[in-house]
Amino acid sequence: MLIVALEGPSYAGKSTAIRHLRRTALGTRAFVSDCYVKHISHRDDIPPALTASAAAQLGAFERFMEIETTRVAEAAASGRRLVILDRSVDTLLAHAYALDALFGYGVHHQLHHRLQVLPFLRPDHTLYLDVPAESLHLRRKAAGHTAAESDYFLHEPAFLDHAHDYFVHTARQPVTRELTVLDAAADPDVVAQAVEALVSFWAR
């Protein structure tokens, strides 16, 4: 089984790339899993991006790992040789890494320890879509979401910097076996085609 994950900040173009892949020959022969939050039916049940304590951050991780357990079972049951993930457990670790840096929660190492005894899909390849903060803001504004979500923690500069560091600069390597950073500042549809080309190469 070949597992490919797409990572990057919110509005980086992951969903656009996933939609594109679903329409290609790759999509017809792959098991494709949506982002964690899309597996939660009610918006109010989604753990907050800005948790209020270390205990709350640990609780959010456990909630998302329940979804990861389901992903593992569904991927195995699909019988597909190619698995494409919209975010992986590295998302959860990057989030914890950023909140540790910002608030001193100290949970990142605990989550690594928990992963040793929990089922999860370890990507063979992860594509990190790298987009400047200003471009992310403009995309969110164009989508009409800035008024409804004026305080958007996932786009706060400090959070973006630390989450980016987890994937690109941290001394502790992400869970994925191989990380590729893709400049995704271009039009998301163009980026989606670049994603398709890379996934096609890996899936040969």
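## Helix H4

In this predicted model, the buried residues of helix H4 are Val89, Asp90, Thr91, Leu92, Leu93, Ala94, His95, Ala96, Ala98, Leu99 and Asp100. Because eleven of the 15 residues of H4 are buried, the helix is largely enclosed by the rest of the structure. The elements against which these buried residues pack are strand E1 (2–7) and the helices H3 (54–78), H5 (108–115) and H7 (157–168).

H4 covers residues 89–103, and at 1.5 Å a residue its 15 residues should span 21 Å. The C-alpha atoms at its ends are 21 Å apart, in agreement with that expectation. Just after H4, Gly104 adopts a positive phi of about 70°.

Arg139 is part of helix H6, which comprises residues 133–142. With a relative accessible area of 17%, Arg139 is buried, because the cut-off for burial is under 20%.

Which residues are in contact with Arg139, leaving aside its neighbours within four places in sequence? They are Tyr11, Ala12, Gly13, Val131, Ala184, Ala185, Ala186 and Pro188. For Tyr11, the separation along the chain is 128 residues, yet the C-alpha atoms of Arg139 and Tyr11 are separated by 6.5 Å.

## Overall architecture

The protein chain contains eight helices and five strands. Read from the N terminus, its elements follow the order β-α-α-β-α-β-α-α-β-α-α-β-α.

The C-alpha trace of the protein chain spans about 45 × 40 × 35 Å along its principal axes. The radius of gyration is 16 Å, which agrees with the value near 17 Å that a compact globule of 204 residues would have. Among contacts with a separation of 6 or more, 81% join residues 24 or more positions apart.

## Burial, surface and charge

Of the 204 residues in the protein chain, 47% count as buried.

The protein chain carries 20 positive and 24 negative charges.

Conventions
Residues numbered from 1 in each chain as written. Predicted model: local features only at pLDDT ≥ 70, side-chain atom pairs only at ≥ 80, totals over all residues. Heavy atoms only, no water. Helix = DSSP H or I, 4+ residues; strand = E, 2+ residues; numbered from the N terminus. Expected span 1.5 Å × (residues − 1). Buried < 20%, exposed > 50% of the residue type's maximum accessible area, 1.4 Å probe, protein only. Contact = heavy atoms within 4.5 Å. Rg over C-alpha atoms; globule rule 2.2 N^0.38 Å. Lys, Arg positive; Asp, Glu negative; His and termini not counted. Charge placed at Lys NZ, Arg CZ, Asp CG, Glu CD.
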